[in-house]
Amino acid sequence: MATVFGVSPTSVHDRDFSRYRSTVIMGVVLFALSAVVMALFSRSGAPSIAGEPGYLFSIPDEVHGSEDRVSLDGPLAVAAYGDVIAVADSGRGTIKLFAWSGKFISETVVPASGKGSPRRSYPTGVAFDDAGNLFVVDVTSDRIHVFDSKMTQRYTFPERRQEVRLMQPVAIAIAGDEVYVTDVGDSSVKVFALDGSFIRQFAKSDERSVALAFPNGIGVSLDGTVYVADSNNRKVFAFDLTGRELFAFKHRFSLPRGIAVDAVDHGTERAGVDEQ
């Protein structure tokens, strides 16, 4: 009589089911871990704007703020590129560069180019292009001064012989290869190429339901929307890149002045008194 040694059908089924259940559990665990990792990476990729803003530091800092070469006298505009912050020190007619830590780097005088006796320049707006060149608005000479990354002046515009002139420029924003300047002299926004050649003008009163009145701050978002803080109209208007009016903010402002759009299209606005 022969005897056969083996495993019963029931025990084989139980072992296969146990192996299947372990595989399923392992798959669920791996999926959960991957989901957590993806969530952490996606969260770290974008800045959080939750909660109230917290104080970091002052420019200039409290230690060096009293030094003449570092102190600011009527700063009106600020722009950042890489690890450098440029501040328009309007009271002194200069541009001061600081590091992100607030440490002073250097100071450059904006040349005065007024008629007659030399006048001190009065920079009111600054903006960097994609190559790191700094564009400075000077309301004294009604021109834009362009400096390279070493703060050596390259050129100014518009040229005196150009048909289109800046009457009283205030603020500036750069989007790609176009330079947008608010001109309170004729309540318009003028657009130039990076080399200073005139391209177009928009926000004329005959093209809009409400004429601009003292257009001040200007910013351009990633989608090409141009935001203009119109002080005397107490509004912030939005245009497309061609100058077509899109809408006006419903929020009531008292005296909107500066406006900026960050890298993730969050806008900020600075007003004299903000009516809620």
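The side chain of Ser221 makes a polar contact with the side chain of Asp223, at 2.3 Å. Polar contact here means a pair of N or O atoms within 3.5 Å; within protein, one has to be able to donate a hydrogen and the other to accept it, and residues adjacent in sequence count only if both atoms are side-chain atoms. All of this comes from a predicted model, where local features need pLDDT of at least 70, side-chain atom pairs count only at pLDDT 80 or more, and totals for chains, interfaces and linings use all residues. Residues are numbered from 1 along each chain as its sequence is written, and side-chain values use heavy atoms, with hydrogens and water left out.

Ser221 sits in the loop between β13 (215-220) and β14 (226-230). Strands are DSSP runs of E, at least two residues, and helices are runs of H or I, at least four, numbered from the N terminus. Ser221 counts as buried because its relative accessibility is 9%; the cut-offs are under 20% for buried and over 50% for exposed, with partly exposed in between (1.4 Å probe, protein chains only).

Now hop over β14 to Asn232, in the loop between β14 and β15 (235-239). Asn232 is exposed, since its relative accessible area is 53%. Leaving aside residues up to four places away in sequence, Asn232 touches Ala213 and Phe214, contact meaning heavy atoms within 4.5 Å. Phe214 is 18 residues away along the chain, yet its C-alpha atom is 5.8 Å from that of Asn232.

Zooming out, the protein chain has 1 helix and 18 strands. Of its 276 residues, 37% are buried.
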